[in-house]
Amino acid sequence: MKGMRTFFQTFLVFLCTVVVAVANEPKPAEGGGDPYAAMYGVWYALIGIILAWGVYDSFFRPTD
């Protein structure tokens, strides 16, 4: 259990680092576009974390 917890913490830190780096990408030179496009990655990552936790909790967590 401790190994799985360490893996999830490491994965979460890595994912948050990557998402912040991608969210800070500069816009294309031609302008326009969606002003919230950079935040989509952050929301997708949050949804992915919630889904991954749900799958872990449903299928891989040992029952007492």
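What percentage of the 64 residues in the chain do buried residues make up? Buried residues make up 6%, where buried means under 20% relative accessible area, exposed over 50% and partly exposed in between (1.4 Å probe, protein chains only).

This is a predicted model, in which local features need pLDDT of at least 70 and side-chain atom pairs count only at pLDDT 80 or more, while totals for chains, interfaces and linings use all residues. Residues are numbered from 1 along each chain as its sequence is written, and side-chain values use heavy atoms, with hydrogens and water left out.

**View 1. The chain has 2 helices and 0 strands.** Helices (H or I, at least four residues) and strands (E, at least two) are DSSP runs, numbered from the N terminus. The accessible surface comes to about 5,700 Å², and 70% of this belongs to carbon and sulfur atoms; areas come from the Shrake-Rupley method with a 1.4 Å probe.

**View 2. The largest pocket has a volume of about 260 Å³.** Its lining holds 11 residues, and the closest to its centre are R5, F8, Q9, L12 and W53. Helices α1 (2-23) and α2 (40-60) each give two or more residues to this lining. A pocket is an open set of points on a 1 Å grid over the protein atoms alone, with protein on both sides within 12 Å along at least five of seven lines; lining residues have an atom within 4 Å of a point. The volume is the space filled by probe spheres set on the points, which are joined across faces, edges and corners.

**View 3. I50 lies in helix α2.** I50 counts as exposed because its relative accessibility is 55%.

**View 4. D57 and R61 form a salt bridge.** The closest N and O atoms are 2.8 Å apart; a salt bridge needs a side-chain nitrogen of Lys or Arg within 4 Å of a carboxyl oxygen of Asp or Glu. D57 is partly exposed at 35% relative accessible area, and R61 is partly exposed at 43%.

Conventions: On a 1 Å grid over the protein atoms alone, a cavity is a set of points where a 1.4 Å probe fits but cannot get out, and a pocket is an open set with protein on both sides within 12 Å along at least five of seven lines; lining residues have an atom within 4 Å of a point.
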